[in-house]
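Me: I have a structure open and would like to learn how to read its features. Can we go through a few together?

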Amino acid sequence: MNPLIDAALLADENSKLSADLDTDYAALGEQLQRQGHDIDQLCNTAAQFGIAIPSWGVGTGGTRFARFPGPGEPRHVFDKLEDCGVIQQLCRATPKVSLHIPWDDENPTEMKDKAQSLGLSFDAMNSNTFQDQPDQKHSYKYGSLSHTDAATRAQAVEHNLRCIEIGEAIGSDALTVWVGDGSNFPGQTHMGRQLDRYLDGMRQVYAGLPSHWRLFTEHKMYEPAFYSTVVQDWGSNYLIAKELGPQASCLVDLGHHAPNVNIEMIVSRLAHFGKLGGFHFNDSKYGDDDLDSGSIDPYRLFLVFNELVDIEQRQPESFNPAYMLDQSHNVTDPIESLMSSALEVQRAYVQALLVDREALAFHQENNDALMASETLKRAFRTNVEPLLQRARQNMGGAINPVAAYREAGYRSKVAKLRPAVSGAGGGIV
Ligand SMILES: [Mn+2]
């Protein structure tokens, strides 16, 4: 059975909205023209934007207290790929899927064929040495790549090398490494020796990279190690990536910082020294990656993209950050959350393209703080929704993805095919 949404239903949904879109698009086009922008050109640029879906994101997330799965939860990677196929079919901004090993450890050829049949390809691989698997010899309770025991460290290295091997077989070209290693008590670990052990393990992983691959190291401020974490902040991350070599760079997960940290400045710093590898997008009110991108602070998302567009325009030859969503969906249909989140990230990108950079530089040179801020706000306040809708429509997607998804009844259809899964089990990191 073709899991995707019926083309006739999609065309019907779009036809209900296309007259209003024509009017709104023309009005926005006039507004942008007065500011020196060509809306059709911006529309084409928006259509090039892509952000990867994490395979685990299509399942319901949870917390340490409980998980409340919805109907039709994906049972395995092939179900997950089908959900990702629907997301891409409707929103046309998510052409790649990022796999997680061992959660998605299936036959690579079958995974590749399935993805291709759905119009998808694969983004960075994600290794997992933060939990124990049933067949595992050595436990990660006290760490993985930085464990005091050499055999445990070797097992963690071996797992990462295997992720590269699977990635090669499915056409991925990057590995993201996040470890939960650290400590929960002052004095529990020697911070210097622990970092040395981590670096030693990561050097072995790095040595296993094919020449065209990139290695992303992801920092996280706290949890599961609540006192100290080996890759705690962007400073440690930068030093690690620099130590490892040119194929290594830093991955910035928006939720992995203290509240109020100036993430856009971190983006600027890492790019300045050639170590900005990629992003995990999400939002948070208090801490971590628990909420949908753009749901709490869309202005911060815009400010991150303001830096990214600035870097892209100044250093186009070296600009290639990997974008992925990484968030937990506890109370929504994950497909709906992922579609709306991808569109929020795409919106922030397009709004950042509208910043008058000449005017901004002029106000910066003249120390006109108010006008500099207003220059950013002017772009941020522009309602680019008609442009995003037109970009989706041009590519065969849905003008309103969530409405089309609901109308198609996808969730109730897959609920009949996929038996309910248990509510027990941990959350998603
Ligand atoms: Mn992340």
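Reply: Helices here are DSSP runs of H or I with at least four residues, strands are E runs of at least two, and both are numbered from the N terminus. This is a predicted model: local features need pLDDT of at least 70, side-chain atom pairs count only at pLDDT 80 or more, and totals for chains, interfaces and linings use all residues. Residues are numbered from 1 along each chain as its sequence is written.

Me: What is the phi of N367?

Reply: Most residues other than glycine have a negative phi, and most peptide bonds are trans. N367 isn't a glycine, yet its phi is positive, about 55°.

Me: Is N367 buried or exposed?

Reply: You count other C-beta atoms (placed from the backbone) within 10 Å of the residue's own: 20 or more means buried, 12 or fewer exposed, and in between partly exposed. N367 has 8 such neighbours inside 10 Å, so it counts as exposed.

Me: And where does D288 lie?

Reply: D288 is in the loop between β10 (276-281) and α9 (298-314). Its phi is positive too, near 70°, and D288 isn't a glycine. With 19 other C-beta atoms within 10 Å, D288 is partly exposed.

Me: Which peptide bonds are cis?

Reply: One of them runs from I101 to P102, with omega near 20°. P102 is in the loop between β2 (96-98) and α4 (108-117). Another joins E223 and P224, with omega about 5°.
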